[in-house]
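I opened this notebook to keep track of what I looked up. The entries follow in the order I made them.

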Amino acid sequence: MRCTSLLVCVSALVTCASSAGILYPRESESREVKSLDGMWNFRLSLPDSLVGFKERWYMKDLSKTGPVIQMPVPSSYNDVIVDKKIRDHVGLVWYDKSFFVPESWRQQGYRVCLRFGSVNYAAQVWVNTHLVLSHEIGHLPFQRDITANLKFGRLNRITVAVDNVLLQTTVPQGSLQNISTNTGPKTIQTYTFDFFNYAGIHRSVFLYTTPIVYIDDVDVMTNYTEDGVGIINYNIQYGGSLSSGETLNCSITVLNNENVREKITVITNDEEGLSGVIKIENAKLWWPYLMHEEPGYMYTLEIRLSTTWNVDDVYRLPVGIRTIKWTNTAFLINNKPAYLRGFGRHEDSDIRGKGMDYALVTRDYDLIKWIGANSYRTSHYPYAEEIMDFADKHGIMIVDECPSVDTVNFSDKLLKKHTTSLAELIKRDKNRPSVIMWSIANEPRSDQKDADSYFKSVAIFVKNLDGSRPITAAIATQLDTDQLGQHLDIIGFNRYNAWYTLPGHTEIIKSRLEDEAAKWHAKHNKPVFMTEYGADSYAGLHMGPSFVWSEEYQVELMSEHFRAFDTLRSKNFFIGEMIWNFADFKTEQTVTRVGGNKKGIFTRQREPKSSAYHLRKRYWSLANRLDGAEFPCDIQPYVISNENQNNIEL
């Protein structure tokens, strides 16, 4: 029996209820949050992938089972240690950590949840030898009430088994291959997607408390009237059981950006749940970066759940008031056409891999704003919630993508996991004003048999969960054979003219791109934007005239795309341009990649290439022309004064 099969089998027995909420842990008067981040014990499951289960490593300290090393959480385990065996490991690894739980939590009658931000790809979790959690599909959070499994006022232990194996029924997909080596047979992981299959506990691990009756989930929809009244429609779900005769009340306090109370609404429980409408006079809207002088304006819903005999629960949810609409030619924020200028990106950096890191996130958003971008796609999986918080606060529009990459070999089992990933993503990000579209796939094999019915099912599933945002995808198949576009609201397409097609010949770009984009619109009568284009450049490689892989060639290729984009913008159906990629990133080992994919306009260390300065001029010029944004003072280095110049005839 393979390790992944065991993980999947157990996950059917121990799962989080699909109807439960997944609110981000936030401290309040009624809630405490304890981080379990830091150094954990770590070891590979070798030589037998199932040895940890056979020997029941979860029954004792991991250090008692054999040699362990210290591994930071959050991080990918692959690049932290200088060991090829760890970097390239396929199969199970094990983590554990000991921690104390305050006795006061038991005395106050707290309910205690354990929450993981992301474990890639699949995980099983034990607390004090008890199996409490299983989850499949990385990049998404999962949690469970573990109150009954804890030792209050004493030492506790958490053990995690992590499996990075990808199969044709996982999201994303992969395959295992057996090869012969000098030391015997070996199993390696193969996949078609062009980024490294990082694994481990990628995001923070929290314990958090709630009262016995608690706020479980919140749904928010916003709007505004012509006379400036902001409207927040809310629905609150609670968890826990009320005693006989006990009543439930819920009060909502709206705090503005300065934490000043705007309005208080009090409602009581009824058969329809806790729901209502809040109206805010002279409301400030959430606007994208550079579309307004005060972008990313956020209110806070301060929700207080009161019961007759139990402790109140308080949760504060950030909310941005904005509307999204789309037609067959336009995408509108607050009834104003928005033109997307942005990137494809990756959660990827030196040493930590896909591990969440606040310093890196801060640097990335500073660069996004420096360059004048207003959007990006979470290619090719959901990003950390902390990263999404930055987008909300800074007014960066997000095309939120599920982990479906290069989808092929369509099956009912794959469809179930694909839609599960979208359900978990939408539940997590449904209230974020920054999320403007759901991307249901990247470069699926949408020209193959069964693609039509498969993606029709996916699209209907998403629309039933959230009809307030358009759905899109990044299509790489040819227009005449694609079966996905018909099911989307907005067409996104990837194309690498003069790179993968006729490299070196930038003279083909403008006519080909204009022709294809126009045909996508003509075929589907929907807005179109470019989700990927670009060229690799090796930082520091300069060649004149330009030549592939040089910084000059990357700039030249971009300029030819800019010419096409401007023509397309004049035709009123083209709504955005997203270059591939924000920064260089790691891939599997291949002779077509020099240490990874080098299509970034920034290096992996977040230093600008020539293309970054070129793109900055483009994006700020668009912001100035379309939204009236003022140019930064350093956009054009001084060359010569334009004043008091004498005309000289040659």
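**Entry 1: a loop residue.** I began with N282, which lies in the loop between β19 (274-280) and β20 (299-307). Helices (H or I, at least four residues) and strands (E, at least two) are DSSP runs, numbered from the N terminus. The phi of N282 is positive, near 50°, and the residue is not a glycine. Is N282 buried or exposed? N282 is exposed, at a relative accessible area of 66%. I use buried for under 20% relative accessible area, exposed for over 50%, and partly exposed for what falls in between (1.4 Å probe, protein chains only).

**Ground rules.** I am reading a predicted model, in which local features need pLDDT of at least 70, side-chain atom pairs count only at pLDDT 80 or more, and totals for chains, interfaces and linings use all residues. Residues are numbered from 1 along each chain as its sequence is written, and side-chain values use heavy atoms, with hydrogens and water left out.

**Entry 2: another asparagine.** I then checked N128, in the loop between β7 (122-127) and β8. Its phi is positive too, near 50°. N128 counts as buried, at 10% relative accessibility.

**Entry 3: cis peptide bonds.** I looked at the bond from L46 to P47 and found it cis, with omega near 0°. P47 sits in the loop between β2 (38-44) and α2 (51-54). G544 and P545 are also joined by a cis peptide bond, with omega about 0°. P545 belongs to the loop between β31 (528-532) and α10.

**Entry 4: cysteines.** How many disulfides does a search of the whole structure find? It finds zero. A disulfide here is a pair of cysteine sulfur atoms within 2.5 Å. For C250, the nearest cysteine sulfur is that of C113, 19 Å away. C250 counts as buried, at 1% relative accessibility. C402 is buried as well, with a relative accessible area of 0%.

Entry 5: I turned to the UniProt record. Its unreviewed entry places "domain: Glycoside hydrolase family 2 catalytic" at residues 327-623. UniProt positions are in the numbering used here, feature names are shortened, and annotations may be inferred rather than shown by experiment. In the model, the span 327-623 is 36% helix and 15% strand, and its end C-alpha atoms lie 22 Å apart.

**Entry 6: a sheet.** Three strands form an open antiparallel sheet in the order β22-β23-β24. β22 (324-326) and β24 are the edge strands, each pairing on one side only. Two strands pair if DSSP finds at least two bridges between them. Two bridges join β23 (residues 331-333) to β24. L332 has P337 of β24 as its bridge partner.

**Entry 7: helix α7.** α7 covers residues 412-429, 18 residues in length. It reaches 26 Å from first C-alpha to last, close to the 26 Å expected at 1.5 Å a residue. That expected span is 1.5 Å times one less than the number of residues. Its buried residues include L414, H418, L422 and R428. Among the elements covering them are β8 (130-136), α6 (385-394) and α8 (451-465). Contact means heavy atoms within 4.5 Å.

**Entry 8: helix α11.** α11 (residues 610-627) has 18 residues and reaches 26 Å, close to the 26 Å expected. Which residues of α11 are buried? Among them are L615, R616, Y619, W620 and D627. Their cover includes β25 (340-344), α5 (358-371) and α10 (551-569). After α11 comes G628, with a positive phi near 75°.
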